[in-house]
Each structure stands twice: as C-alpha cells, then as structure tokens.
Amino acid sequence: MKVPSMMKRRLLTQLVFLIFVGIIAWQAIHRPPTILSDVYPYLTSLSPTLVKQCIHDNQASQTIVFEELLAIRSTLPDGEAQPLLDQLKNSVPFSKLNWGTIPQTSKNNVLRHREILNKYTYYRPDQYRYPVIGTTWFGDSFGADREGGKRRHEGTDLFGKEGTPIVSICGGEVEQLGWNRLGGERVGIRGDDGNYYYYAHLQTISTSLIKGKRVKPGEFLGTMGHTGVALTTPDHLHFGIELPNGQWINPYAFLEVWKYSYDQL
Ligand SMILES: [Zn+2]
C-alpha cells in the first residue's frame with residue numbers, strides 16, 4: 001500500500017503546482033498594462049502653448065522631427081535647447097548630437113521625454129481629433145469640487161450650443177452606451193490606445209452605435225446637451241480620460257492642442 005500513497009502524494013503535489021502556475025498565468029494575463037509613473041505627469045503637465053508653438057514651427061519647417069523638438073524644448077532652458085536645435089536643423093541625426101556642457105541628467109530627461117512622446121502620441125499632429133465640431137470654450141476644471149466635496153471633477157467641460165455634433169477623438173470600440181446618473185446620456189469608447197474615453201451629458205446619442213461596435217477617429221457619437229447632473233447647467237460636453245489602471249487624468253492640455261489643430265482646418 002506504500003506505492004499508491006506515494007503516487008497520491010505526487011499527484012497532489014503536481015495538482016497544487018499546476019493550480020499555482022495557473023493562478024500566476026491568469027494574473028499575468030488580466031493585469032492592466034503597467035504604465036510607468038513618469039508618463040502621464042509629463043504629458044499632462046506640458047504647456048499647451050509650448051506644444052502649439054512646436055506644432056507651428058514644425059509645420060513651417062519640417063527639418064526637425066516633432067517629438068525631438070518638443071522633448072528638447074519642454075525639458076531644457078532655451079539657452080541649452082538652441083544649440084541642439086541648430087544641429088538638428090543642420091541635419092545632424094539625434095543620436096549624433098553634441099550635447100556640449102549639458103548635464104547628463106538633463107540629457108537623460110530629454111531622451112526619456114522623447115521616448116514617451118514617441119510611444120504616447122497625443123500631441124503628434126493629426127493623431128487625435130478634437131471631440132466637438134463647432135464653437136466651444138473651456139477652462140481647466142480638473143479636480144474641482146463637485147457635490148459639496150463628495151467627489152472631484154474628473155474631466156474637462158467643453159461648453160457650446162445644444163445639438164453641436166460630438167465625435168470620437170480616436171479609433172476604438174463602444175464600451176458603454178446610454179444613461180447613467182451623473183453622465184446622463186453618455187458614450188464610453190475603449191480607444192485603440194487602451195484608454196477609456198468618456199463623453200457625457202449628450203442630448204442625443206447616434207442611433208448607429210451599439211456596444212462592441214468599432215468607431216473610427218472623428219466618427220459621429222451624438223450631440224451636445226445637458227443631461228444627467230448637467231440638467232441645470234449650460235450645455236456642455238464632459239470629456240474624461242481613464243487609464244487602464246482606473247486612474248482619471250486631466251485631459252485639458254490634450255484638448256487645447258487638439259483644438260488648435262481643429263481650428264486650423
Ligand atoms: Zn464635467
């Protein structure tokens with residue numbers, strides 16, 4: 001009777017091992033993608049004015065790659081940035097730049113920022129659309145108190161006229177659709193970049209949308225209104241960006257830059 005009991009024990013060990021491996025594999029598959037903690041603080045804190053200047057300069061003369069221009073100008077003081085930009089203008093490749101007396105830490109920051117801009121393309125001209133087709137005005141109200149301190153404002157309000165068309169800022173899939181208490185008539189798009197984009201207080205939602213449907217950048221989602229908690233406020237689109245880890249980030253700088261491209265059309 002000794003052998004079967006050993007076999008039993010071995011089978012049990014193997015089973016425990018398999019369950020253990022299974023749990024680890026399941027967790028690895030279902031874990032939201034890790035976003036390094038320096039990515040969004042850098043992107044959302046960029047000055048929209050600076051980004052717009054870089055877009056403008058880049059359109060005027062495309063001798064410098066946009067991401068290299070923005071990474072250098074957003075990281076270094078003008079005095080340090082200019083000699084690098086002069087070299088790039090004279091066709092010196094980025095990898096061959098003479099950094100002169102610029103400290104290694106500053107150089108590392110430029111390299112890291114360039115890497116972020118290349119991977120997260122919110123500011124690259126023509127990558128993302130402004131979500132409203134028509135006249136709008138807005139400020140930065142991210143984090144403002146709502147309902148007497150019960151919650152914070154997790155997006156940007158774009159004010160305009162009721163019925164103004166709302167479009168998707170990027171390609172993606174319809175994840176949420178219809179009524180919720182705060183958002184009223186709302187559309188939630190899972191962008192191809194992995195983020196969740198939230199369009200709220202709509203007057204009407206496009207009848208062509210159903211959950212799971214693919215949308216293209218610029219596709220019509222509905223019209224501006226004041227539904228949900230916006231019932232007594234002026235008409236506006238509440239626009240929010242939620243990262244795959246559940247964190248809402250401030251879309252203000254992105255919107256300012258997208259609006260700049262939209263206004264140029
Ligand atoms: Zn809002």
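## Basis of the model

The model is predicted: local features need pLDDT of at least 70, side-chain atom pairs count only at pLDDT 80 or more, and totals for chains, interfaces and linings use all residues. Residues are numbered from 1 along each chain as its sequence is written.

## Domains

The protein chain is assigned domain 1 (1-31), domain 2 (39-119) and domain 3 (145-264); such bounds come from an automatic or database domain assignment. Between the C-alpha centres of domain 1 and domain 3 there are 47 Å.

Helices (H or I, at least four residues) and strands (E, at least two) are DSSP runs, numbered from the N terminus. A residue is buried if 20 or more other C-beta atoms lie within 10 Å of its own, exposed if 12 or fewer, and partly exposed in between, with C-beta atoms placed from the backbone. Strand 7 (residues 196-205) has seven of its ten residues buried, so it is largely enclosed by the rest of the structure.

Two strands pair if DSSP finds at least two bridges between them. Strand 7 pairs antiparallel with strand 6 (residues 184-191) over five bridges, and Tyr199 is the bridge partner of Val187. Four residues separate these two strands in their hairpin, where Gly194 has a positive phi near 95°. Strand 7 also runs antiparallel to strand 10 (residues 236-242), with five bridges, and to strand 9 (residues 220-224), with three. Ala200 is bridged to His238 in strand 10, and Leu202 to Met224 in strand 9.

## The largest nonpolar core

A nonpolar core is a set of buried Ala, Val, Leu, Ile, Met, Phe, Trp, Tyr and Cys residues joined through C-beta atoms within 7 Å. The largest one has 44 residues, and those touching the most other members are Val51, Leu70, Ile166, Val187, Tyr199, Leu237 and Trp258. Strand 7 gives the most to this core, six residues. Domain 2 and domain 3 both contribute residues, so the core lies between them.

## Helix 6

Helix 6 has 16 residues, which at 1.5 Å a residue should span 22 Å; the end C-alpha atoms are 23 Å apart, which agrees. The expected span is 1.5 Å times one less than the number of residues.

Val110, His113, Arg114 and Leu117 are buried in helix 6. Seen down the axis, the buried residues of helix 6 fall within an arc of 105° (taken from the directions from the helix axis to the C-beta atoms), so they line one face. The face turned away from them carries the exposed residues Gln104, Thr105, Asn108 and Lys119.
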